[in-house]
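Please look over the structure below before reading on.

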Amino acid sequence: MFRVLLRLYLITIVTYSAAIFLIPKLVIQLFEHRYMDYNVEQSRGMQKLIVKQYLRAPVERWSQLTEQLSADFAPLKVQLLLRQDASYTPAEEQLLAHGKPVIRLGEWGWMEDISSPINEQFVVKLTIPPDPLDMNLLYWSMNVLIGAALLACLLVWLRPHWRDLERLKSTAAQLGRGNLAERTRIPASSNIGSLAAVFDTMADDVEQLLNQQRDLLNAVSHELRTPLTRLDFGLALALSDDLPQASRERLQGLVAHIRELDELVLELLSYSRLQNPAQSPERVDVVLDEFIDSVLGSVDDELENPEIVIDVALDCAVERFNLDPRLTARVLQNLLRNATRYCDKRIQVGVRVGPDGCEIWVDDDGIGIPLDQRERIFEPFYRLDRSRDRATGGFGLGLAISRRAMEAQGGTLVAQASPLGGARFCVWLPSIA
Ligand code: ADP
């Protein structure tokens, strides 16, 4: 907020200073005659008094009188001048010839000096000296105080705006993280009230649309399971009969397809369940090395290539961490399964617990993931179009489910490059205060 305040303040101050410098100059230039007349009117009495003093005294005493007047009028300066020595412009000469005073304007349109004719030869000139230092300082301190008042005003004005904008920003971030119930709740009286209202309506619509989509996915997946189970059961019955070898093989192929479909339906159900905000994750204190061991154990059983080596590096200041064991185990199993599919022969699991949270990463020495695909692989059904991927099977839902499972716990899951040469998947879970 302070950066915006500073910018706004600088713009205001620069504009104010420029305006205060330029606008009076322009106005004085445009209305010079009026300013001159005004100053003449204001000083007419004083001029007349001074001129009268000279006219009453004999000419020999004029220089003495000038000294006397200078002393009386100090700090104003009184000078007795010969007209031809005083270097007046022709227009000024004409004014003096008509018995009128000649005035010169200074800053803010105030007179700097005024000359009044005494007779054909002499003029008396009254000069107003520049302001003394202390008056100048007072004037500048007044400007500084005006600047400070302006800053205070801007701060008072900006604070509620800033608070509401921050609220809008955090709501947008929460919505982006999947908390679809989040709203700005900025009152209509706020200056960004109408914008916030439009934003909240948009959030309502998005929530409704996503809920409809999730419910549809859920319903379709549920509905699909029943006929699939019936088909599986029917095929198992058909296979129990005496069949020619070719028919048996065809039926076995169909069973494999049905199992694959069933797996997809199960994955879809998990995905839509994780999108349900009502399903809050449970939190359990787990002993980290035991937890990692149990996850590795379940993946070890499925390892098709016995040459793959899995290392574990634990760097934990504390033994226990509070997490949802079911969701976290599912994520780690998924990452480890992917690593076993795509690695060459090495996988490394690292765990680090800091004051803010727990970081778990799974490294492999495989083909890795191109930089521009590291976010896209978390989209549902997204698979990299590589010959290796087609061979590994899968629906492209595993990482999407894993990321949702981490986000449901307030954590993150990102893909990076591994120091082993392949991919690194990094899970981060925040500590619960
Ligand atoms: P799938 O179930 O098809 O593997 P995932 O969502 O788990 O789907 O993964 C999406 C895509 O991410 C995969 O098709 C694969 O291309 C890529 N991927 C996942 N893990 C790795 C890895 N460890 N190394 C290289 N590519 C990976």
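In strand β11 (residues 423-430), C426 is the bridge partner of W361. Strands here are DSSP runs of E with at least two residues, helices are runs of H or I with at least four residues, and both are numbered from the N terminus. This is a predicted model, in which local features need pLDDT of at least 70 and side-chain atom pairs count only at pLDDT 80 or more, while totals for chains, interfaces and linings use all residues. Residues are numbered from 1 along each chain as its sequence is written, and side-chain values use heavy atoms, with hydrogens and water left out.

**Strand β11 and its partners**

- Strand β9 (residues 357-364) pairs with β11 in the antiparallel sense over seven bridges; two strands pair if DSSP finds at least two bridges between them.
- Strand β10 (residues 412-417) also pairs with β11 in the antiparallel sense, over six bridges.
- A423 in β11 stands opposite A417.
- Five residues lie between β10 and β11 in the hairpin that they form, and G421 in the turn has a positive phi of about 110°.
- Seven of the eight residues of β11 are buried, where buried means under 20% relative accessible area, exposed over 50% and partly exposed in between (1.4 Å probe, protein chains only).

**Residue S402**

- S402 is in helix α11 (residues 398-408).
- With a relative accessible area of 1%, S402 is buried.
- The S402 side chain reaches the backbone oxygen of G398 at 2.8 Å.
- Apart from neighbours within four places in sequence, S402 is in contact (heavy atoms within 4.5 Å) with V331, N334 and L413.

**Residue Q47**

- Helix α2 (residues 32-56) holds Q47.
- Q47 is buried, and its relative accessible area is 7%.
- Leaving aside neighbours within four places in sequence, Q47 is in contact with I114, S116 and L126.

**Nonpolar surface patch**

- Y16, I20, F21, L22, Y38, W108, W110 and I146 form a nonpolar patch on the surface, with about 790 Å² of accessible area together.
- Such a patch is made of residues with over 30% relative accessible area and no salt bridge, with nonpolar side chains (Val, Leu, Ile, Met, Phe, Trp, Tyr) joined within 5 Å.
- A salt bridge is a side-chain nitrogen of Lys or Arg within 4 Å of a carboxyl oxygen of Asp or Glu.
- Accessible areas come from the Shrake-Rupley method with a 1.4 Å probe.
- Helix α1 (residues 2-30) gives the most to the patch, with four residues.
- L22 has its place in helix α1.

Terms used: Patch = residues over 30% accessible without salt bridge, like charges linked within 9 Å, V, L, I, M, F, W, Y side chains within 5 Å. Polar contact = N/O pair within 3.5 Å; in protein donor to acceptor, adjacent residues only side chain to side chain.
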